[in-house]
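Here is a short briefing to read with the model open beside you. Take a look at the fold, then go through the notes below.

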Amino acid sequence: MTASGLSALAVLGGRANAAAPTAPSGPAAPGSLTSLAVPDDDLVLNAPVVGIASAPDSDGYWLAAGDGGIFTFGDAGYFGSAASLPLYKPIVGIAATPDGDGYWEVAADGGVFTYGDAHFYGSTGGIHLQSPVVGIVPTADGAGYWLVAADGGVFTYGDAGYYGSASADSPSSPVVGLAPSADGKGYWLATAGGASYAFGDAKYAGNVMTGSPIVGISQANSGYQLANARGSIYALGGAPAYGTASSEHLNMPIIGMAPTSDGAGYWMAGADGGIFAFGDAPFYGSLGGSTVKVATAADLYDDGVTPAQIAAWDKVNICEESGVWNVDGAIYSGGLGFSHANWARFNTFGYPADAADATPDEQIRVAVAFATALMGGPNAAPDQNGCDGGY
């Protein structure tokens, strides 16, 4: 589960050929480096952008949407997408192969989809998970990958080594990403609340205090960078920082980051496909300024929740609880501030008796039932500007 997007920063660079709302039929052409990038305010996405992956030569990048759609910029090639597949859970991440001739998409249930020269090494698609998968990270040679879940669980496939997980530590906020150490013999996990966990030869470099949830982690030098939903960057353990988007007006939060191949720059992306480029990261275009389509009944996932509903209630969670979903209060609990009475009334799905013990997906499903009965329809969600809470 991720935060929703942002509007693009207009910087000198080129805009890739305009991408369609679903996956394009071929690679986007590299942008011209002579024009200002202008957000495409007319573009309507079928689902929010949920991940960014950089090309190995740093001359392009891919964006993946929650419905599996793939958007290509610069020299990043298009090799297919999961947009036409009947997904049981939304796509939550994308990772590129080392040569840039393929990529993986991963869904919240741990299903892995391969395109181009990306090989399938296994998935959690057929396993009952205690918490949803939030990302996929390949090994340096592309012969394996790690999957990481929101409770800190780590799943290894191919030549990816297992060095431990944070699930036994019961993180106080969801894990949002994994970054391998330089030699791949360890990794860091980051939580939405700013905590870090180090395993194998990855060296712990500290936690951060932030008023906005952490949404991404990237290895750099001997340490790592953390990005939060407002576009701030926290550099720990000798990692450099090249700039932030925190001073820009963001329509919606940042959802992830991707480094350049030499580690001297990075991109940040939002769920409307907006791109911010820093250091030596070139800007090749974006989907910034696009809107997310209001889903219909035909777009429902198997639990009855749509991508647009996930994005809307994620914003409520970010506003009210800074990305934390297991808040356990005397009157209100969970990541959406449900009163115990309303949770009992609308939790007709057999989920845990306390919202704080339910997964984010389960809490959003109950919120959709609440909105249907009391807010005028299933796609309604509170105005997050006031962040009053308490339903």
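What is the mean pLDDT of the protein chain, and what share of its residues reach 70 or more? The mean is 81, and 83% of the residues reach 70 or more; pLDDT is the predictor's confidence in each residue, from 0 to 100. This is a predicted model, in which local features need pLDDT of at least 70, side-chain atom pairs count only at pLDDT 80 or more, and totals for chains, interfaces and linings use all residues. Residues are numbered from 1 along each chain as its sequence is written, and side-chain values use heavy atoms, with hydrogens and water left out.

**Confidence and overall make-up**
- Residues 1-40 keep a pLDDT under 50, and the model gives them 129 contacts beyond four places in sequence; a contact means heavy atoms within 4.5 Å.
- Residues 295-300 are also below 50 in pLDDT, with nine contacts in the model beyond near neighbours in sequence.
- The chain's secondary structure comes to three helices and 24 strands; these are DSSP runs numbered from the N terminus, helices (H or I) having at least four residues and strands (E) at least two.
- Of the 391 residues in the chain, 59% count as buried; buried means under 20% relative accessible area, exposed over 50%, and partly exposed in between, with a 1.4 Å probe and protein chains only.
- Among contacts between residues at least 6 apart in sequence, 47% join residues at least 24 apart.

- Strand E17 (residues 223-228) is mostly covered, with six of its six residues buried.
- On one side of the pairing, six bridges join E17 to strand E16 (residues 214-220), and the two run antiparallel; strands pair if DSSP finds at least two bridges between them.
- Ala220 stands opposite Gly223 of E17.
- The hairpin of E16 and E17 has two residues between the strands, and Asn221 in the turn has a positive phi of about 55°.
- E17 also runs antiparallel to strand E18 (residues 233-236), joined by four bridges, and Gln225 has Ala235 in E18 as its bridge partner.
- Four residues lie between the strands in the hairpin of E17 and E18, where Gly231 takes a positive phi near 95°.

**Strands E14 and E15, with Thr191**
- Five bridges join strand E14 to the antiparallel strand E15 (residues 196-200), and Tyr187 stands opposite Phe199 in E15.
- Their hairpin has four residues between the strands, with Gly194 at a positive phi near 100°.
- Thr191 lies in E14 (residues 186-191).
- Is Thr191 buried or exposed? Thr191 counts as buried because its relative accessibility is 2%.
- Leaving aside residues up to four places away in sequence, Thr191 touches Pro171, Ser173, Pro174, Val175, Val176, Tyr197 and Ile214.

**Val305**
- Val305 lies in the loop between strand E22 (291-292) and helix H1 (307-321).
- With 2% relative accessibility, Val305 counts as buried.
- Val305 and Glu362 are 57 residues apart in sequence, and their C-alpha atoms are 9.5 Å apart in space.
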